[in-house]
Amino acid sequence: MEADVLRFYLDEHLDVEIARQLKRRGIDVLTVSKLESFGEGDMQQLHRAIRMGRVFCTNDSDLVDIASQGIEHAGIVFGQQEKHFIGTWVKFLSSLHKDFRPDEMTNLVAYVSMDD
């Protein structure tokens, strides 16, 4: 995979169908379930995403708070579980993948904003 394209890491609260649909579009995405790292804390998951150079995707508002503390990261995407469903996530992440390079996502928190 090219170094100038976004790669995503989906936390355990996001439906794995999001990853399946992104992969069908040729987008590099990993999930907590694929890595079998269920139950790890927010910081552990975020640090794994950082080490892997992946944008961390979550509906856990704690990650937004952590990002505001100045921790360097490859990007965080936050969506609301009760509002943003599979199609919304897929459209939003596909759009980010098309429009942003990794250096443009560094330390950025993006909020899922498309309607299903």
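## The central sheet

In this predicted model, strands S1 and S3 pair in the parallel sense over 3 bridges. Within this pairing, Leu-10 has Cys-57 of S3 as its bridge partner.

The pair belongs to an open sheet of 5 strands, arranged in the order S2-S1-S3-S4-S5 with parallel pairing. At the edges stand S2 and S5 (109–111), each of which pairs on one side only. From one strand to the next, the twist averages 25 degrees.

## Helices on the sheet

Helix H1 packs on the sheet and touches S1 and S2. The direction of H1 makes about 160 degrees with that of S2.

Helix H3, formed by residues 42–52, lies across S1, S2, S3 and strand S4 (76–78). Relative to S1, H3 runs at about 160 degrees.

Helix H1 covers residues 16–24. After H1 comes Gly-26, which has a positive phi near 85 degrees.

Which residues of H1 are buried? They are Glu-17, Ile-18, Ala-19 and Leu-22. The elements covering these buried residues include strand S1 (8–10), strand S2 (29–31) and helix H5 (86–99).

## The nonpolar cores

In soluble globular proteins, nonpolar side chains tend to be buried together. In this model, the largest nonpolar core has 20 residues. Which residues have the most contacts inside this core? They are Phe-8, Val-77, Leu-93 and Leu-96. The elements that each contribute two or more residues to the core are S1, H1, S3 (55–58) and H5. Helix H5 supplies the largest share, 5 residues.

Leu-93 illustrates how parts of the chain meet. When its neighbours within four places in sequence are left aside, Leu-93 is in contact with Phe-8, Ile-18, Leu-22, Cys-57 and Val-77. A second, separate core has 10 residues, among them Ala-49, Phe-56, Ala-67 and Ile-76.

Definitions and conventions:
Residues are numbered from 1 along each chain as its sequence is written. This is a predicted model: local features need pLDDT of at least 70, side-chain atom pairs count only at pLDDT 80 or more; totals for chains, interfaces and linings use all residues. Side-chain values use heavy atoms; hydrogens and water are left out. Buried means under 20% relative accessible area, exposed over 50%, partly exposed in between (1.4 Å probe, protein chains only). Helices (H or I, at least four residues) and strands (E, at least two) are DSSP runs, numbered from the N terminus. Contact means heavy atoms within 4.5 Å. A nonpolar core is a set of buried Ala, Val, Leu, Ile, Met, Phe, Trp, Tyr and Cys residues joined through side-chain atoms within 4.5 Å. Two strands pair if DSSP finds at least two bridges between them. Axes are lines fitted to C-alpha atoms, for helices over the stretch in contact, and angles run from 0 to 180 degrees between N-to-C directions.
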